[in-house]
Amino acid sequence: MPVNPDLAIQPPANLLLERYFALADEAATNAFGARFAHAIESVRDAQQQAPGSKSSKAFHGLQVQLVGDLGAGKTTLVRATLRGLGHTGRVRSPTYTLVEPYVLERPAGELALYHFDLYRFTDPAEWADAGFREYFDSGAICLVEWPQRAGRLLGVPDLVFSLDLDSEGDGRVLVAQAYSESGKACLERC
C-alpha cells in the first residue's frame, strides 16, 4: 500500500496487455531487467526503421511507472534495466536528488534515460514545480518510482510495473501493464 492512500494510482487508461512475472530472487529481477532492456532496444529500432520515420524522431520514449512498497525491488529493477542497456557505472537511488540522468551510447544512437524517485513528494504540485515535464517530452525513457506522489500530473504511462512480495514472502511478483502500443510491444518482448 502507498504511504498515503489518497495519492494511489488510478487506472490511467484502457489496458492493452497485462502479464505476471515471478521474480524468485535478485538474479530473476536482473534477468527480467535485461529482457526489458532488450525489449526497449527492439521497439526503438523497429520504430526508427518504420516507413516514413525520420531517424531518431520516430521513437517517442517510454514512461514506466514503478509501484511497490519500500524494499519491493523498484530500484533493483531500474539498475538491472540500465545494466541491460550497457550502463557500467554506478546506479544511485534518486531518493534525495529526485532524478538521476543517464545517456547511453547505443548502436541506434544515444538513448537518454531518467530515473525518478518521487517518494519525498507530499503534494502533486511539487512535481509540477520541479519542472520535470520537459524530461517526459524529450523522447527519453522515464522510469518513475512512487508515481502516485505526482497524482494524475504524469499523464498516461506506457507501462506500469507493480512489485509485491509473492505469497510465500521469498521473492517478488511483478504485474506489468501496458497502456500504449509502445508499452505493449515492449511487454510482448519480455
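**Exercise 1.** In this predicted model, work out what the buried residues of H2 pack against.

*Solution.* Start with the partners: the buried residues of H2 pack against H1 and against strands E2 (62-67), E3 (99-104), E4 (111-117), E5 (141-145) and E6 (159-165). Next, pick out the residues themselves: Lys74, Thr75, Leu77, Val78, Ala80, Thr81 and Leu82 are the buried ones on H2. Then step past the end of the helix, and you meet Gly86, with a positive phi near 100 degrees.

**Exercise 2.** Classify the packing of H1 and H2: parallel, antiparallel, perpendicular or oblique?

*Solution.* First get the geometry: H1 and H2 (residues 74-84) pack at about 50 degrees, and their axes are 7 Å apart. Angles under 35 degrees would be roughly parallel and 65 to 115 roughly perpendicular, so H1 is oblique to H2. As for handedness, the H1-H2 crossing is right-handed. Now for who touches whom: H1 brings Glu26, Thr29, Asn30, Phe32, Gly33, Ala34, Phe36, Ala37 and Ile40, while H2 brings Thr76, Leu77, Ala80, Thr81 and Gly84. Sort those by type and you get 7 nonpolar, 6 polar and 1 charged.

**Exercise 3.** Find which residues touch the most other members of the largest nonpolar core.

*Solution.* This core has 35 residues, and the ones to look for are Phe32, Phe36 and Phe161. Check the helices next: H1 (residues 26-48) gives the most to this core, with 7 residues. Now zoom in on Phe36: leaving out residues up to four places away in sequence, Phe36 touches Val64, Thr81, Leu143, Leu159, Phe161, Cys186 and Cys190.

Note on methods. Residues numbered from 1 in each chain as written. Predicted model: local features only at pLDDT ≥ 70, side-chain atom pairs only at ≥ 80, totals over all residues. Heavy atoms only, no water. Core = buried A, V, L, I, M, F, W, Y, C linked by side-chain atoms within 4.5 Å. Buried < 20%, exposed > 50% of the residue type's maximum accessible area, 1.4 Å probe, protein only. Helix = DSSP H or I, 4+ residues; strand = E, 2+ residues; numbered from the N terminus. Contact = heavy atoms within 4.5 Å. Axes fitted to C-alpha atoms, helices over the stretch in contact; angles between N-to-C directions. Parallel < 35°, antiparallel > 145°, perpendicular 65-115°, else oblique. Left-handed = near helix turned anticlockwise from the far one by under 90°. Nonpolar A, V, L, I, M, F, W, Y, C, P; charged D, E, K, R; others polar.
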